[in-house]
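Please look through the sequence and the structure shown here before reading the notes that follow. They move from a pair of rings to the chain as a whole, and then to a few single residues.

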Amino acid sequence: MPPGTAATDEGLLAGMSAGDQDALSSLYDRYRTVVFALALRILRDRGEAEEVLADVFHQAWRHASSFDPRRGTVTGWLFNLCRSRSIDRLRARGRREAGLARMSLAEGGPHESASVEKGPEAAADLTDRRRLVGAALGALSPAQRQAIELAYFEGLSHSEIAARIREPLGTVKTRIRQGLMTLRDSLGAQFER
């Protein structure tokens with residue numbers, strides 16, 4: 001390429017396919033702002049939008065060779081990746097919130113009654129525990145959180161999770177194990193009372 005000439009988007013993807021990290025950097029610099037803006041518009045959460053931005057360019061790096069210019073532009077491909085990753089996160093967020101609501105309802109039966117019967121301190125303690133569990137789940141990596149939510153809120157087996165998220169079974173098991181260890185470390189002291 002002559003000096004001073006900007007590479008085309010397709011040229012950058014070809015470079016990425018060949019392992020050229022500078023091509024990835026150039027593509028990132030070219031599209032990071034618009035991809036982030038799209039993710040933020042869908043998710044309305046800056047932290048999650050930043051994670052989607054990283055996911056999109058990681059996926060673009062891994063699958064650059066699968067880009068087919070006959071099916072659309074690089075811009076459209078990146079926006080499609082962003083929209084898909086953002087919707088996945090919205091769904092995961094909805095499942096997480098539904099799971100927490102189910103836990104609250106389940107606890108709202110005999111436990112909630114017992115807490116109310118025990119007084120305001122017990123009810124406040126239960127509320128604190130719910131908040132801690134929600135915060136601990138939110139602090140997990142997105143991959144760990146997704147695997148744990150699918151296992152414990154949707155009741156999927158490890159094999160079913162691997163098929164759903166298209167990852168190797170060993171990867172799913174590792175994510176769940178590491179996520180549970182992180183939850184135990186962060187929640188253990190509060191729940192040993």
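- For Tyr28 and Phe57 the centres lie 5.0 Å apart and the planes make an angle of 75°, an arrangement that is edge-to-face.
- Because Tyr28 belongs to helix H2 (residues 21-43) and Phe57 to helix H3 (residues 46-62), the pair ties together parts of the chain that are 29 residues apart in sequence.
- Tyr28 has a relative accessibility of 30% and therefore counts as partly exposed, whereas Phe57, with a relative accessibility of 5%, counts as buried.

**The chain as a whole**

- The protein chain contains nine helices and zero strands, so that reading from the N terminus on gives the order α-α-α-α-α-α-α-α-α.
- Of the 193 residues in the protein chain, 32% are buried, while the chain exposes about 11,600 Å², with carbon and sulfur atoms supplying 53% of that area.
- When contacts between residues at least 6 apart in sequence are considered, 59% of them join residues that are at least 24 apart.

**Confidence in the model**

- The average pLDDT of the protein chain is 83, and 85% of the residues score at least 70.
- Residues 109-114 have a pLDDT below 50, and this stretch has five contacts in the model beyond near neighbours in sequence.
- Where pLDDT is low, the predicted coordinates should not be read in detail.

**Helix H1 and the residue after it**

- In helix H1 (residues 9-17), the buried residues are Asp9, Leu12, Leu13, Gly15 and Met16.
- An α-helix has 3.6 residues a turn, so residues three or four places apart point the same way.
- Just after H1 comes Gly19, which takes a positive phi of about 90°.

**Gly170 in helix H9**

- Gly170 is found in helix H9 (residues 169-191), and because its relative accessibility is 44%, Gly170 counts as partly exposed.
- Gly170 and His158 are 12 residues apart along the chain, and their C-alpha atoms are separated by 9.0 Å.

Methods. Residues are numbered from 1 along each chain as its sequence is written. This is a predicted model: local features need pLDDT of at least 70, side-chain atom pairs count only at pLDDT 80 or more; totals for chains, interfaces and linings use all residues. Side-chain values use heavy atoms; hydrogens and water are left out. pLDDT is the predictor's confidence in each residue, from 0 to 100. Contact means heavy atoms within 4.5 Å. Helices (H or I, at least four residues) and strands (E, at least two) are DSSP runs, numbered from the N terminus. Buried means under 20% relative accessible area, exposed over 50%, partly exposed in between (1.4 Å probe, protein chains only). Accessible areas come from the Shrake-Rupley method with a 1.4 Å probe; for residues, only the protein chains shown count as cover. Rings of Phe, Tyr and Trp (its six-membered ring) pair if their centres lie within 6.5 Å; planes under 30 degrees apart count as stacked, over 60 as edge-to-face and the rest as tilted.
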